[in-house]
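I opened the notebook to work through this entry element by element.

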Amino acid sequence: MGSIFSPLTSILLLLILLWGGEARDPFACDPKNTATKNLPFCKAWLATGARVKDLIGRLTLQEKVNLLVNNAAAVPRLGIKGYEWWSEALHGVSNVGPGTKFGGQFPAATSFPQVITTAASFNASLWEAIGRVASDEARAMYNGGTAGLTYWSPNVNIFRDPRWGRGQETPGEDPILAGKYAASYVRGLQETDGNRLKVAASCKHFTAYDLDNWNGVDRFHFNAQVSKQDIEDTFNVPFRMCVKEGKVASVMCSYNQVNGVPTCADPILLKRTVRGQWGLNGYIVSDCDSVGVFYNSQHYTSTPEEAAADAIKAGLDLDCGPFLGQHTQNAVKKGLISETDVNGALLNTLTVQMRLGMYDGEPSSHPYGKLGPRDVCTPSHQELALEAARQGIVLLKNKGPSLPLSTRRHPTVAVIGPNSNVTVTMIGNYAGIACGYTSPLEGIGRYTKTIHELGCANVACTNDKQFGRAINVAQQADATVLVMGLDQSIEAETVDRAGLLLPGRQQDLVSKVAAASKGPTILVIMSGGPVDITFAKNNPRIQAILWAGYPGQAGGAAIADILFGTSNPGLSSFGLKLAALPKIVYGTPLHSTKPNLKCNGFRKQFLEV
Ligand SMILES: *[C@@H]1O[C@H](CO)[C@@H](O)[C@H](O)[C@H]1NC(C)=O
Ligand SMILES: *[C@@H]1O[C@H](CO)[C@@H](O)[C@H](O)[C@H]1NC(C)=O
């Protein structure tokens with residue numbers, strides 16, 4: 001660069017690059033495109049309904065069908081680009097969906113605690129604030145051409161089965177808390193005035209989904225058996241509050257069946273309940289390939305055209321997956337549905353795109369059009385991630401009391417355990433690339449001198465080879481902090497647990513270290529799902545217990561702030577917090593969704609607890 005441009009020009013170029021970023025080209029209605037800019041659907045001052053009607057009227061059936069899928073095709077003759085509907089922002093902008101990519105000017109985004117942790121704060125204004133930050137960063141990345149505007153978050157399924165690998169993504173088992181969470185987070189994300197949307201959120205996965213892969217049954221073959229009362233009183237509550245109070249712009253139906261009907265083919269759930277009773281102003285999308293799944297795996301219809309027709313007639317507007325793109329045209333030809341049914345689906349998706357400003361010309365002229373790279377990973381955003389972890393971490397036991405630790409009485413702390421120096425473990429699943437991390441070891445190291453041992457090579461903890469070294473440092477230090485628990489190798493999407501105890505020999509490590517340690521022993525559990533730690537509750541050598549969930553990018557700093565008393569944890573002893581906190585000791589669920597599974601092992605295990 002220096003050899004071609006003068007130093008001054010180079011600095012100017014660099015400044016322009018840093019300042020403006022690469023602006024995204026208009027998605028549609030480019031003011032430079034004289035063929036389209038005067039069409040009614042491009043006129044921002046016209047009523048949204050009239051614009052959408054005009055646009056639908058210009059599309060051929062083939063073009064319409066190409067818009068029924070997540071990677072919606074371009075319509076070049078009308079100046080409309082292709083659009084990827086699938087982005088995710090469960091607890092910060094994520095790159096799980098193909099619509100969002102990190103790199104270039106957007107190497108990372110603020111990574112908040114996993115939802116189960118944030119929910120345990122019981123603080124609705126915190127949830128809304130996190131949503132606003134996530135959508136600031138999402139809009140900034142959209143403006144820079146690296147993200148979409150439609151986010152398939154939050155996950156507000158009721159966490160009824162404690163073994164579910166995706167329970168970590170949810171606000172827990174309590175319907176009202178989950179509903180408040182849904183409404184607050186969505187309000188923050190969307191910042192809607194009723195019409196305009198900052199980004200469009202989606203409450204998923206409707207409904208009664210709490211199994212991924214357990215005992216030979218996977219989510220593609222799961223038929224949740226739920227009474228009408230349980231649907232009303234429990235499973236649907238967060239979705240209803242998301243739609244009615246949160247004014248969400250989308251609901252996603254799930255893979256599973258409910259009482260023998262795939263949710264994405266059920267007009268009672270979609271058309272009658274979500275759109276009719278609750279008044280969804282937005283679109284209904286399938287989970288990724290739900291329609292293909294109920295045809296291919298559940299054999300719910302005998303032809304693919306019937307599956308496509310059933311989904312659209314039930315009220316599905318968009319398919320995450322190729323199925324509707326492949327089979328809807330023939331379904332119309334066979335007379336299973338009409339083009340008017342297809343128009344109904346497009347009315348819902350295109351209206352959301354209009355409300356997002358996608359047909360308003362230059363993205364930079366949008367109210368959020370000036371957000372850019374400097375609005376991502378800002379100090380205040382990262383401070384909120386730290387604050388959220390502090391508010392979400394729960395104190396379960398404090399005998400003595402032994403917490404807080406003090407730098408005077410505890411000048412050296414032994415930090416032990418497979419999760420003691422983790423980074424990505426702290427952000428759980430459906431995360432992105434974090435701005436940076438503070439591990440527990442690093443956080444505690446900011447207060448006092450540390451000696452570190454893993455104790456187990458990883459959370460599976462299959463042997464005791466490193467126990468001796470861990471016991472040794474506990475004998476030397478003035479206090480011992482054990483950071484144990486789970487990670488995505490134990491609980492994840494497609495990975496349910498078979499039991500609730502700590503994996504492998506973790507319990508053994510904790511007990512042996514506690515027996516040997518010179519000072520107080522503090523147990524910190526990182527997990528999304530509940531862990532039965534009755535042994536630690538009953539062990540007088542373990543003076544304090546913290547549940548940290550998956551505490552996000554700054555989790556280690558928050559854990560240290562709580563250990564040393566510069567910040568207060570949530571208190572489980574007030575009872576109120578227990579609904580969001582995954583139960584540490586669990587009872588048999590009253591109404592399991594899986595009577596078709598052999599539950600004997602499950603119940604027996606609870607009886608043994
Ligand atoms: C809720 O969170 C917000 C944002 O961090 C904070 O200002 C407020 O004090 C919290 N409320 C309570 C009751 O802790
Ligand atoms: C802790 O993890 C970081 C990287 O995440 C690494 O650089 C550091 O060496 C680790 N510390 C110890 C004591 O293992």
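This is a predicted model: local features need pLDDT of at least 70, side-chain atom pairs count only at pLDDT 80 or more; totals for chains, interfaces and linings use all residues.

**Entry: Ser94**

Is Ser94 buried or exposed? Its relative accessibility is 0%, so Ser94 counts as buried, the limit being under 20%. I then looked up where its side chain goes. The side chain of Ser94 reaches the backbone nitrogen of Val96 at 3.0 Å.

**Entry: Asn296**

I moved on to Asn296, which sits in helix α10 (residues 290-296). Asn296 counts as partly exposed because its relative accessibility is 47%, and that class runs between 20% and 50%. I also took a C-alpha separation here. Asn296 and Ala307 are eleven residues apart along the chain, and their C-alpha atoms are separated by 9.7 Å.

**Entry: strand β14**

I checked cover first. How many residues of β14 (residues 479-485) are buried? Seven of its seven residues are, so I log the strand as mostly covered. I sorted them by face. In a regular strand the side chains alternate between the two faces of the sheet. On one side of β14 I find Ala479, Val481, Val483 and Gly485. On the other I find Thr480, Leu482 and Met484. Both faces are covered, with these residues all buried.

Next I looked up the neighbours of β14. Strand β12 (residues 412-416) runs parallel to β14, and four bridges join them. Within that pairing, Ile416 stands opposite Leu482. Strand β15 (residues 521-526) also pairs with β14 in the parallel sense, over six bridges. There I picked out Met484, whose bridge partner in β15 is Ile525. How does the chain get from β14 to β15? The chain passes through helix α17 (residues 506-516), and I log this β-α-β crossover as right-handed.

**Entry: strand β7**

I repeated the face check on β7 (residues 250-253). Ser250 and Met252 lie on one side, Val251 and Cys253 on the other. They are all buried, and both faces are covered.

I then listed the pairings of β7. Strand β3 (residues 203-206) pairs with β7 in the parallel sense over two bridges. Phe206 has Cys253 of β7 as its bridge partner. Strand β10 (residues 283-286) is joined to β7 by four bridges, and these two run parallel.

I looked up the strand order here. Three strands form an open sheet, in the order β6-β8-β9, with mixed pairing. Which strands stand at the edges? They are β6 (223-224) and β9 (261-262), and each has a single partner strand, so one side of each lacks a neighbour in the sheet. I checked one pairing in detail. β6 and β8 (residues 257-258) run parallel and are joined by two bridges. The bridge partner of Ala224 in β8 is Val258.

**Entry: ligand 1**

I listed the shell. Asn123, Ser125, Leu126, Glu387 and Gln391 surround ligand 1. I looked for polar side-chain atoms by the ligand's oxygen atoms. One belongs to Asn123, at 2.4 Å from an oxygen atom of ligand 1. Another belongs to Gln391, at 3.2 Å from an oxygen atom of ligand 1. How much of ligand 1 does the protein cover? On its own ligand 1 has 360 Å² of accessible area, and the protein covers 39% of that. The elements giving two or more residues to this shell are α5 (124-143) and α14 (379-392). By class, I count one nonpolar, three polar and one charged residue.

**Entry: ligand 2**

The residues around ligand 2 are Asn421, Thr423, Leu441 and His452. An N or O atom in the side chain of Asn421 is 2.3 Å from an oxygen atom of ligand 2. Taken alone, ligand 2 exposes 360 Å², and the protein buries 32% of that. The shell divides into one nonpolar, three polar and no charged residues.

Definitions and conventions
Residues are numbered from 1 along each chain as its sequence is written. Chains are lettered from A and ligands numbered from 1 in the order in which they are written. Side-chain values use heavy atoms; hydrogens and water are left out. Buried means under 20% relative accessible area, exposed over 50%, partly exposed in between (1.4 Å probe, protein chains only). Two strands pair if DSSP finds at least two bridges between them. A crossover is right-handed if, with the strands pointing away from the viewer, the path from the first strand over the helix to the second runs clockwise. A residue is near a molecule or strand if one of its heavy atoms lies within 4 Å of it. A polar contact is a pair of N or O atoms within 3.5 Å; within protein, one must be able to donate a hydrogen and the other to accept it, and residues adjacent in sequence count only if both atoms are side-chain atoms. Accessible areas come from the Shrake-Rupley method with a 1.4 Å probe; for residues, only the protein chains shown count as cover. Ala, Val, Leu, Ile, Met, Phe, Trp, Tyr, Cys and Pro count as nonpolar, Asp, Glu, Lys and Arg as charged, and the others, Gly among them, as polar.
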